[in-house]
Amino acid sequence: MTILAHTQSQFRFQGRSFLAFVIFPTAPIGRWLNDLEKWVNESPGFFAEKPLMVDFSKVSPERDEFNSLLAYFQSNKFRLIAVENIDPAWLPRDLLPLPGGRHRQEIEAAKKQSPISGNANSHGRGTVNSLMLNSPVRSGQEIFFPAGDISVTGSVASGAEIISGGSIHVYGALRGRAIAGSDGNEKARIFCSSLEAELVSIAGFYKSAPDIDPDLFGRPVQIWLQDNLILLKAME
Amino acid sequence: MAEKKPATTVVVTSGKGGVGKTTSTAAIGAALAMEGQRVVVVDFDIGLRNLDLMLGAERRVVYDLINVIQGTANLSQALIRDKKLHGLHLLAASQTRDKNALTEKGVAMIMGELRSRFDWVICDSPAGIERGAVMAMKHADAAIIIANPEISSVRDSDRIIGLLDAKTERGKRGQEMEKHLLITRYDTARTKTGEMLGIDDIADILSIPVLGVVPESNKVLNASNLGTPITMADRDSPPARAYGAAAKRLCGQDIPLEIPAGRKPFFANWFGGRAA
């Protein structure tokens, strides 16, 4: 005889963290909004899909100014997730401030530089952001550094993944995946001392191992993006 | 009497199964005991215990690691002395439990106590990267990474090396963990034809120092069947000599690396036939 027993469902949750933009309106609000709109129109896609928070710590708007700002941010150009430093009574429930979170300076810097430029991640940034790895990147490790360049003094193993907002420099063999310009920076490049990669990608365009010229295998190579094509050239 | 220096805890690990972790644990443990060291080999493969077979002690296991963790036996009751080799001891795994029986606190307590009693604590890790493997490496000062000359084994070893820095107490304290590469089942003929990776290739991919190269040999299996580590069963066989030399290097002796049936210089650059 079979007895069917009802067992309680098991729930498993995983933590996941995302990078959100925080924007600080300044007085006078009307002009600030105009400037922002101009900026957004010239850099379409900069905010696309990215969670956005509005922080009113630098200004105290009137209720109607606030409402017009809120309406603007709730339009489909943005993905507003929270509003901070404002009377909570003014807010719809789903936009109440989120507890926790840490500020990250580099995004602020990226936002400030070249405000009216088609490429939000171009050169000339005030602060230099780079990540230096002095040991080999092992299989299964994932290095994610959206704020700038990554340099690796050792090798990147097969099955390892390096994701950089800027360029990637590997002074050993590149055997895993290298993803440069992860935020859409088309000027990002990849350099390695020995190209044995599983996949290389710049600004969303990629080439996997079978598409890479076998003559380049094991050679020092530079990889860049030109007219939406990934180009590879031996550096010898 | 000289004061006892603190024990060295070594984890023998690989990621991939079937590459020779347990065989190597038994062989190196025996080789160290033959050098006059006090050695305990600890089987962390809870539920799939094998180390007792390699030492011919399978009928003598009364209490095991899990009994000690759960307090149903004390360490002295669970430690099994080797009958043939003075100084060699075994702490067996439980065959009836699973890896969840390894509690952090229990493992820490046992490792602390073993350290105070022995010169060498050698932990035989289960395959994989889950709880059992993480527990085996957690308290290690040094690691022996076993790799076979094939790409799947080498990649798994690479993965394990990454975990050694992330998941161990030593790594968490920001201290470097000593890592040694032991290549087993090395077949010179198949390396020459390009069927298997060369030692230089493996060392280049893993970028850790080579502790030894053990040749493929039927004698290893024969020794397992006898329940005697190869280093005791057939001392002059090539694999026994390779393990013996590896144990001496582990003790800090400077012994030149020998290629099994070697005709080629070791670290000459030779990149033949690696699969992309």
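This is a predicted model: local features need pLDDT of at least 70, side-chain atom pairs count only at pLDDT 80 or more; totals for chains, interfaces and linings use all residues.
Axes here are lines fitted to C-alpha atoms, for helices over the stretch in contact, and angles between them run from 0 to 180 degrees between N-to-C directions.

In chain B, helix α1 (residues 21-34) and helix α13 (residues 238-250) have axes that come within 9 Å and cross at roughly 65 degrees. The crossing of α1(B) and α13(B) is right-handed. On the α1(B) side, the residues that meet the partner are A27(B), I28(B), A31(B) and L32(B), while α13(B) contributes Y243(B), G244(B), A246(B) and A247(B). Sorted by class, this contact comprises seven nonpolar residues and one polar residue, with no charged residues.

Chain A contains three helices and 14 strands. Of its 236 residues, 25% count as buried. Among the contacts in chain A with a separation of 6 or more, 31% are between residues 24 or more positions apart.

The segment after β14 (229-234) of chain A holds M235(A). A residue counts as exposed if 12 or fewer other C-beta atoms lie within 10 Å of its own; M235(A) has 11 within that distance and is therefore exposed. Leaving aside residues up to four places away in sequence, M235(A) touches P220(A), V221(A) and Q222(A). The C-alpha atom of M235(A) is separated by 10.0 Å from that of L216(A), 19 residues apart along the chain.

The two chains also meet each other: 13 residues from chain A and eight residues from chain B take part in the contact. On the side of chain A that touches chain B, there are four nonpolar, seven polar and two charged residues.

Key. Residues are numbered from 1 along each chain as its sequence is written. Chains are lettered from A and ligands numbered from 1 in the order in which they are written. Helices (H or I, at least four residues) and strands (E, at least two) are DSSP runs, numbered from the N terminus. A residue is buried if 20 or more other C-beta atoms lie within 10 Å of its own, exposed if 12 or fewer, and partly exposed in between; C-beta atoms are placed from the backbone. Two residues are in contact if their C-beta atoms, placed from the backbone, lie within 7 Å. Ala, Val, Leu, Ile, Met, Phe, Trp, Tyr, Cys and Pro count as nonpolar, Asp, Glu, Lys and Arg as charged, and the others, Gly among them, as polar. A crossing is left-handed if the near helix is turned anticlockwise from the far one by less than a right angle, and right-handed if clockwise.
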